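Here is a short briefing on one protein chain. Look at the sequence and the structure first, then read the points below.

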Amino acid sequence: MAKKAKKGGQGTPATVALETAAVPFSVHAYEHDPAAASYGGEATEALGVAAERVFKTLVADVDGVLVVGVVPVAGQLDLKALAAAVGGKRAAMADPAAAERSSGYVRGGISPLGQRRALRTVVDASALTHSTVYVSAGRRGLEVELAPGDLVALTGAHTAPIAR
């Protein structure tokens, strides 16, 4: 996989983080439809990629601390499993405004990479079964494809079965 040069203002904190780390990645853009029912579903359809390889970034509140969960768009975040993965007791989805403030991204475009404030991150273990995965590049309609090991390393994440 080759790095793609920034084109048409596609540079985001996520792609800058990838470039700075010098890891191989590809940028995939598609026309975002504001009426789309699901950001992840829209990405899989527009890019023609299996839903198991496209991951969504969700911010949860675990015992009063924001935590990032990265799970396949085909599934859901198991909040109980996420809490257990970080040694917490209770988890709930974070307030969308708090997630946006913390990450520096807008809902539907939150990337696990290049976040304004680095949060503890857990990537669903299923990511490791693929040679590459797709995550948001930090904007609706823009995804990055990279090796799951690079995603884990760059986010300082650990993996656990957090999807259902």
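Leu-113 is in contact with Ala-14, Leu-18, Tyr-105, Val-135, Val-144, Leu-146, Leu-151, Leu-154 and Thr-155, leaving aside its neighbours within four places in sequence. The model is a predicted one.

**Nonpolar cores**

- Leu-113 is among the residues with the most contacts inside the largest nonpolar core, together with Val-59, Val-135, Val-144, Leu-146 and Leu-151. This core has 27 residues.
- At least two residues of this core come from each of α1 (13-21), β2 (55-62), β3 (65-72), β6 (133-139), β7 (142-146) and α5 (148-155).
- A second, separate core has eleven residues, including Val-62, Val-67, Leu-82 and Ala-160.
- In soluble globular proteins, nonpolar side chains tend to be buried together.

**Largest pocket**

- The volume of the largest pocket is about 580 Å³.
- Its lining is made up of 31 residues, and Tyr-39, Lys-56, Thr-57, Leu-58 and Gly-108 lie nearest the centre.
- Two or more lining residues come from each of α2 (39-47), β2, α4 (96-103), β6 and β7. The largest share, five residues, is supplied by β2.
- By type, the lining has 17 nonpolar, nine polar and five charged residues.

**Val-54**

- Val-54 sits in the loop between α2 and β2.
- Is Val-54 buried or exposed? Val-54 counts as buried because its relative accessibility is 1%, and buried means under 20%.
- Beyond its neighbours within four places in sequence, Val-54 is in contact with Ala-43, Thr-44, Val-49, Val-71, Pro-72, Val-73, Tyr-134 and Glu-143.
- Val-54 and Arg-90 are 36 residues apart along the chain, and their C-alpha atoms are separated by 27 Å.

Conventions:
Residues are numbered from 1 along each chain as its sequence is written. This is a predicted model: local features need pLDDT of at least 70, side-chain atom pairs count only at pLDDT 80 or more; totals for chains, interfaces and linings use all residues. Side-chain values use heavy atoms; hydrogens and water are left out. A nonpolar core is a set of buried Ala, Val, Leu, Ile, Met, Phe, Trp, Tyr and Cys residues joined through side-chain atoms within 4.5 Å. Buried means under 20% relative accessible area, exposed over 50%, partly exposed in between (1.4 Å probe, protein chains only). Helices (H or I, at least four residues) and strands (E, at least two) are DSSP runs, numbered from the N terminus. Contact means heavy atoms within 4.5 Å. On a 1 Å grid over the protein atoms alone, a cavity is a set of points where a 1.4 Å probe fits but cannot get out, and a pocket is an open set with protein on both sides within 12 Å along at least five of seven lines; lining residues have an atom within 4 Å of a point. Grid points are joined across faces, edges and corners, and a volume is the space filled by probe spheres set on the points. Ala, Val, Leu, Ile, Met, Phe, Trp, Tyr, Cys and Pro count as nonpolar, Asp, Glu, Lys and Arg as charged, and the others, Gly among them, as polar.
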